[in-house]
Number of protein chains: 4
Amino acid sequence: MSKQLGIYYSEYLQLNKILDAQELESEKQGAVAHDEMLFIVTHQTYELWFKQIVFELDAVIDVFDDPIIEDKKMGRVLHLLARIKTIERVLIHQIDIIQTITPHDFLEFRDLLIPASGFQSTLFKQIEIKLGIRREHRIAADCEFFKSRLKKDDLKSLDHLETKETLHDLTDRWLSRIPFLKYKDFDFWKSYQNSVEQMLDKEHAIIETNVTLTEREKQFQTNDLIMTRTKFESIFDEKKYAKLRAEGNFRFSHQGFLGALFVNLYRDEPMIYTGFRFLTLLTEIDELLTNWRQRHAVMVQRMLGTKLGTGGSSGHDYLTATTQNNRAFLDLFNIATFLIPRKDLPDLPDELVRALGYFFRGEKDRLEELEM
Amino acid sequence: MSKQLGIYYSEYLQLNKILDAQELESEKQGAVAHDEMLFIVTHQTYELWFKQIVFELDAVIDVFDDPIIEDKKMGRVLHLLARIKTIERVLIHQIDIIQTITPHDFLEFRDLLIPASGFQSTLFKQIEIKLGIRREHRIAADCEFFKSRLKKDDLKSLDHLETKETLHDLTDRWLSRIPFLKYKDFDFWKSYQNSVEQMLDKEHAIIETNVTLTEREKQFQTNDLIMTRTKFESIFDEKKYAKLRAEGNFRFSHQGFLGALFVNLYRDEPMIYTGFRFLTLLTEIDELLTNWRQRHAVMVQRMLGTKLGTGGSSGHDYLTATTQNNRAFLDLFNIATFLIPRKDLPDLPDELVRALGYFFRGEKDRLEELEM
Amino acid sequence: MSKQLGIYYSEYLQLNKILDAQELESEKQGAVAHDEMLFIVTHQTYELWFKQIVFELDAVIDVFDDPIIEDKKMGRVLHLLARIKTIERVLIHQIDIIQTITPHDFLEFRDLLIPASGFQSTLFKQIEIKLGIRREHRIAADCEFFKSRLKKDDLKSLDHLETKETLHDLTDRWLSRIPFLKYKDFDFWKSYQNSVEQMLDKEHAIIETNVTLTEREKQFQTNDLIMTRTKFESIFDEKKYAKLRAEGNFRFSHQGFLGALFVNLYRDEPMIYTGFRFLTLLTEIDELLTNWRQRHAVMVQRMLGTKLGTGGSSGHDYLTATTQNNRAFLDLFNIATFLIPRKDLPDLPDELVRALGYFFRGEKDRLEELEM
Amino acid sequence: MSKQLGIYYSEYLQLNKILDAQELESEKQGAVAHDEMLFIVTHQTYELWFKQIVFELDAVIDVFDDPIIEDKKMGRVLHLLARIKTIERVLIHQIDIIQTITPHDFLEFRDLLIPASGFQSTLFKQIEIKLGIRREHRIAADCEFFKSRLKKDDLKSLDHLETKETLHDLTDRWLSRIPFLKYKDFDFWKSYQNSVEQMLDKEHAIIETNVTLTEREKQFQTNDLIMTRTKFESIFDEKKYAKLRAEGNFRFSHQGFLGALFVNLYRDEPMIYTGFRFLTLLTEIDELLTNWRQRHAVMVQRMLGTKLGTGGSSGHDYLTATTQNNRAFLDLFNIATFLIPRKDLPDLPDELVRALGYFFRGEKDRLEELEM
């Protein structure tokens, strides 16, 4: 290049830093373990992607942190959440790469890294916290690790982060203020409860009159119905909900949970569609993180058998526990319990439906209407 | 199961048919070629997925075939298109499976299948046609194959299908009737053309006054600018556009292309966001089909070298040609040529922006407004 | 096609059967649920792939069912196992497709399918059994389902299948007869045990003399060392092993487990490399099946919340239990526990190493040697 | 952490460097373009993976650079090549991430990066060169870019790299010295040529005596047969081969190409199986790189339309050209042309087959044999 105008690829990307940050512990100790390079590089790419996810989460939280969320910004929010999903898929895929280190080759440098541990990734912890997983939701071992494994500064900054509003908190608040659920003399939840009860009564009648059922089957189906009824009561009765929530069965506020249910039921209304997409993306981000944890847990099992992890963690068992437990949006997985078939859904008042549509639908005459 | 109530898995799925439809040609001829089973099963799963894609395309076309497309149905349309993408990704992934047949193992049964050919998949042809690829867009060899490779009935039904409106046609029509581009004394395209010209003039001035450029570089950059100007003229000048379209450089009508450009430029307006998602999904469906074709072409190259395909097709070369050529929505890939940075975009009149938002934004007072 | 010579694509693939096997239960009952088509098609592709996996497993079992396994067939075995892995990856990927059915849309036809259940896939059960999961390894609910959910014929044929030798059995037998572990006055396991003890003694000395450790840390590390010692004893002491095996902690015979360990330790010897690849592929097939189960479990959680599955199964919880439990080759994941670093490995006698190499290494002079 | 013993995660991974290397050009110029962060991070992860691929290629080249390649090292070589494939798959997958930058959002910072270009990634060039793509194999535009786009030091180091032996060169040399193709009075290639001729003669007879063929069809099939004969001549006749090689139709030496063909034909012999896996992995590494290039080309088309790339390259067209052209192991894709069915393969002399097997097959009596 005769003379350089402007930017050069390697300088723009600061490759001098990036590509000069792989120092093999095994080399320092005199015997290069070839696979340690892969171990380092893989973890570094993970950290880069974690940084990116935090960056996107911050942008989403920033939008939702306003008292009124501008519709105009929702498209962008959906886009960034979908991006996080795309990154998560690559994070899962990368496990295939790290698994090309065989357990025996891992032994060549594993002990040199003690007590460093993936647990010490503060960016990963930031992702968990920003999504909505606070210390209070973690299992004991997980909480213990914060104190025993992290440097003071890292711990302090995570402690501080937990005092801030999470995406879970903001989503809850946003769902809680869905308007129009009471509208003139229409009370949505009263209607919904009626529909549910009619549905359950009808199912009860079917069981009672079904002559082909044995007594045992009749009993079984009746019990199932009673259980279903109890479940619905837990969301229709604010106090029961509060109790269950206190016990950790729900995370959203009562209004928030009902809002999420409503959005799932009436997703086809144009104005609600965006909210439905938003909740679906949160569900999927949570699901993909869960998939990643499970892959990670099985990988550790294969890599270490029943040995302890480099950080002294019990490896597979601990990871399996967090897979089941560290779920920011588990409530959204439970929504399905409370859906009823479309045909049984209460009709929304016409006026409301109209309000939920676009006022301007691309028909020319509607524009005139608007101008008036 | 003491007695059967209702539906049984294998009957519901008609597994007796599905799992009894693998007859090895090599077995009939006396020497089982183990890998022929995989060859058959893989193709059968492809055909099942093709059926599903056709099913989804039909549902989308059905919505778009109405003179007014109900907003309420757009969420569903986006959902089905996203589903097609998801299926396409699996179609691509399945190439990994068929590639576990080595070229040498393929030789064990390849000749027995002559002249059968994947070209004879009428469902795949249906997908191409329903998306918008008609005979007129195909390369000669491709057209020739319709006559030489297909049974009369298959050919006839595809001929008939080509007389119907495709998703490309319907999208074009829908894009063409985007209203409000001329609104009172606001003429969007005039404004846009002004913005483009100012942008290009500014760039020209920068080149002219840049003392660090050599004559050769200045010449190069000036030429590039001229080329860009010419490109923009091709969309601002209806006649030039018509000429280029006649030569196959554009597929959408002039209004349709401008509509697609507008949607890309103002995607953040809530009412336009859905349209933007729609176009993006079409782009991605086209892209994934292209990826599939390319993977297929390289697979054939590896499987057959320079031999002819089982249907006598020249294999790799033919497939590479269709990869470049059979693109229903190539126009959407060219949109990028005509985008200008947000800061240079003409502002839409306030009244119009308001019309493009939700009338009802979840603020309580707006509801009152509505009631009046 | 003027006249047909030979085979036609759609006839070869029996597409008349395959593409005519989708009958929507919802349609029969008067209201088409659009997404039921996808539900059917996805399950049918799953069944086709299950058939293929069974086909490949049979071929592998066939090779291993001989008293002497021909080296010449091992390449083929590895190839087929790798193929199963590739198929499993697509099976996992397909979950993305079925998840495009939202919980609410699933409700439109879910009740119509009761009590059909994915549990009733006998091909999937065949895969589990052929790999090595018999009734005795299953959790109670799983066993119960065999009786309550399957038709008599299906149950009977699975019962019969369980009486046959599984891939796990055959692998165990093959590993048990690895020769040369005692060779002249070389006793491999005695040497290995010595190496392990030296390694553990050295670690113990390090802990004892490490002045930087607190008492508590010293105690913790000492305990860990004791646990490790106990683990090694469980494989060096045949009786302890037998006891642990009886309790379900090991599945392989003692000789088989040691064989697997040896193969992992000396994988670089050309003759052992193939065996190492074989064990690795079994590990990965097991791991991918586990990944599939986990994805499936989370999918069901999202689809049904805490509702019961169509077959009345408790859905997510049941599936999570089988994810942890139905592991044919869990022993291979535990091998890692007993590996020691290469530098501590006992050297094999030269004569033995020579025997484990190719006799003919492409050196010309060796050919001469051979001719003599 | 009360006091730090040993290594800390973030220090080990030098995260201070890695996570502090993202400086947005748009921010420097006063208006942050949100998506520029993703653009930088994605490229940085690419560079990290490129470094890893180079690291693995070096290890493989190192093994092959010896006059005699130790069998013991071949397992490792296969493992590292499989690892490269796994990484390549992730590289392809990452394109999904960068494509979440819409063309319009890319415009927000694209001009700021001029004239930086992905072409300037010297690590990617190193991968190409180490695999075997030298300047002489590139299209003109590609060669031109070396001079016009790269800094002097970068160019110089790549120039130097091209003087070294590539993996292609070493593979060729290794294939060329496969022994035993002439063995006593057995001349493999003479036998193979006989088999081919018999096969072609038989096919000719079938065409001639097939009364159902029209004249035109007979002509077509005869021509095809002649072409096939000509192709086989090109490998049996050293001079023809040399001529075609000089024209760029082959890259391997004549002996190397024949060696590769032999390995593909007799892959089941234990001693050859490893070589077959080696060639297959090279084929797949080449194929995955091709897939990546194609995905990249289509991505650029969607991102830029017909605009020039940031480096002034013609983008899509240039990339499509390199996709077709920059193939290190295209010869291995052409092998399929010259395979003949197993039943027509010449039998190898017993003595040779025995030499190609393991001398020691796990049978006890063979051990005795060895001891003698």
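I start with the helix contact. In α4(A), the residues M37(A), L38(A), V41(A), Q44(A), T45(A), L48(A), W49(A), K51(A), Q52(A) and F55(A) meet M37(D), L38(D), V41(D), Q44(D), T45(D), L48(D), W49(D), K51(D), Q52(D) and F55(D) in α4(D). By type, the residues of this contact are 12 nonpolar, six polar and two charged. Keep in mind that this is a predicted model.

How do the two helices pack? The angle between α4(A), residues 36–64, and α4(D) is about 175°, and their axes are 10 Å apart. Angles over 145 degrees count as roughly antiparallel, so α4(A) and α4(D) are roughly antiparallel to each other.

Now the whole contact. Chain D gives 54 residues and chain A gives 53 residues. On the side of chain D that touches chain A, two or more residues come from each of α1 (9–12), α2 (15–18), α4 (36–64), α5 (74–98) and α8 (140–149). The largest share of that side, 14 residues, is from α4(D). That side of chain D divides into 28 nonpolar, 17 polar and nine charged residues.

Last, the core. The largest nonpolar core has 295 residues, and A260(A) is one of those that touch the most other members. Leaving out residues up to four places away in sequence, A260(A) touches L175(A), F252(A), L279(A), D331(A), L332(A) and I335(A).

Definitions and conventions
Residues numbered from 1 in each chain as written. Chains lettered and ligands numbered in written order. Predicted model: local features only at pLDDT ≥ 70, side-chain atom pairs only at ≥ 80, totals over all residues. Contact = placed C-beta atoms within 7 Å. Helix = DSSP H or I, 4+ residues; strand = E, 2+ residues; numbered from the N terminus. Nonpolar A, V, L, I, M, F, W, Y, C, P; charged D, E, K, R; others polar. Core = buried A, V, L, I, M, F, W, Y, C linked by C-beta atoms within 7 Å. Buried ≥ 20, exposed ≤ 12 C-beta atoms within 10 Å, placed from the backbone. Axes fitted to C-alpha atoms, helices over the stretch in contact; angles between N-to-C directions. Parallel < 35°, antiparallel > 145°, perpendicular 65-115°, else oblique.
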